[in-house]
Amino acid sequence: MTTDTATDVFEQHRPLLLGVAYRMLGRVADAEDVVQDAWLRWSAADRAEVRAPRAYLVRVTTRLALDRLARIKSRNEAYVGPWLPEPYVTDFGDTVQDTAERAVLADSVSLAVLVVLESLSPLERAVFVLREAFGYPYAEIGVVLDRTEAAVRQLAGRARRHVEERRPRYEVDPAQRRELTERFLAAAADGDLEALMELLAPDARLVGDSGGKAKAPLRTLESADHIGRFLIGVARRGVPDLSYRFVEVNGGFAVLVLSGDKADSVFQLDVAEGRVQAVYIIRNPDKLRALAA
């Protein structure tokens with residue numbers, strides 16, 4: 001395999017590798033670093049001995065992500081306020097034709113699911129990502145993780161039960177999500193508390209991630225009343241030179257709020273039964289750099 005061919009093979013698999021690494025880590029920059037490290041391993045490997053490049057690259061990427069995950073866990077222990085994954089721009093384009101497969105990929109990268117994955121052990125998280133998001137057979141996951149197929153099945157069962165018990169049940173109808181997001185944005189911008197209360201479920205939650213580097217609630221807000229009054233207060237204070245644009249992040253419709261040419265925040269809603277069940281607001285500037293670009 002020539003150097004040019006090796007580069008082409010790696011670039012062909014880069015979206016898959018980035019998808020695996022991001023779901024493992026919840027951070028775009030860390031995922032990109034892992035994929036870059038995987039490229040260095042690939043470029044230095046004796047590729048004549050590699051019979052299945054895809055399997056080799058996924059194995060290397062997963063193991064690198066596991067190593068990095070241990071370091072991230074200790075970093076998160078000092079995180080200020082609630083933690084949310086770094087927003088990840090998702091545009092499956094023509095790479096995923098099947099609607100059902102698109103839905104699985106979108107769900108596996110959603111903010112709600114990634115928050116739950118944070119509570120899994122590193123091995124459980126790796127198994128869940130490879131099995132549930134990418135459909136890898138248990139035997140192949142065993143090769144990736146150097147575990148028996150029986151051990152992988154046990155890990156998969158524990159991870160699946162954990163995620164199912166804790167994952168909120170939301171609807172993923174893109175049209176409904178967009179329509180409610182636009183109405184929600186208009187009500188918040190107008191300071192219309194009554195309109196917000198009509199859109200919010202009574203037991204709605206608001207999770208704000210600032211990392212202590214921007215203004216945001218230092219705990220999760222519970223109930224429509226608390227959320228509505230908080231958002232009205234934000235609207236009254238205003239954002240200098242405010243503008244916004246719609247983006248798709250983590251498999252769903254979202255809003256990028258800009259202050260001039262600087263990213264101020266990203267917010268996304270989870271919806272069920274025609275009401276807003278959860279509001280996610282990411283204001284940590286470290287997590288907005290890629291979106292601003």
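**Exercise 1. Determine which helices and strands each supply at least two residues of the lining of the largest pocket.**

Solution. The elements are helix H9 (174-190), helix H11 (224-237), strand E3 (242-249), strand E4 (252-259), strand E5 (262-272) and strand E6 (275-282). Helices (H or I, at least four residues) and strands (E, at least two) are DSSP runs, numbered from the N terminus. A pocket is an open set of points on a 1 Å grid over the protein atoms alone, with protein on both sides within 12 Å along at least five of seven lines; lining residues have an atom within 4 Å of a point.

The model is predicted: local features need pLDDT of at least 70, side-chain atom pairs count only at pLDDT 80 or more, and totals for chains, interfaces and linings use all residues. Residues are numbered from 1 along each chain as its sequence is written, and side-chain values use heavy atoms, with hydrogens and water left out.

**Exercise 2. Give the volume of the largest pocket and describe its lining by class.**

Solution. Step one: the volume is about 810 Å³, taken as the space filled by probe spheres set on grid points that are joined across faces, edges and corners. Step two: of the 31 lining residues, Val234, Val239, Val257, Asp264 and Ser265 are the closest to the pocket centre. Step three: the lining divides into 22 nonpolar, 3 polar and 6 charged residues. Here Ala, Val, Leu, Ile, Met, Phe, Trp, Tyr, Cys and Pro count as nonpolar, Asp, Glu, Lys and Arg as charged, and the others, Gly among them, as polar.

**Exercise 3. Find the residues that line the largest cavity.**

Solution. A cavity is a set of grid points where a 1.4 Å probe fits but cannot get out. The structure holds 1 cavity of 30 Å³ or more. Arg23, Ser108, Leu117, Phe128, Val129, Glu132 and Ala133 line the largest cavity. Helix H6 (residues 122-133) gives the largest share of this lining, 4 residues. By class, the cavity lining has 4 nonpolar, 1 polar and 2 charged residues.

**Exercise 4. Is His226 buried, partly exposed or exposed?**

Solution. Locate the residue: His226 belongs to helix H11. Apply the cut-offs: buried means under 20% relative accessible area, exposed over 50%, partly exposed in between (1.4 Å probe, protein chains only). His226 has 48% relative accessibility, so it counts as partly exposed. For distance, His226 and Leu145 lie 81 residues apart in sequence and 45 Å apart in space, C-alpha to C-alpha.
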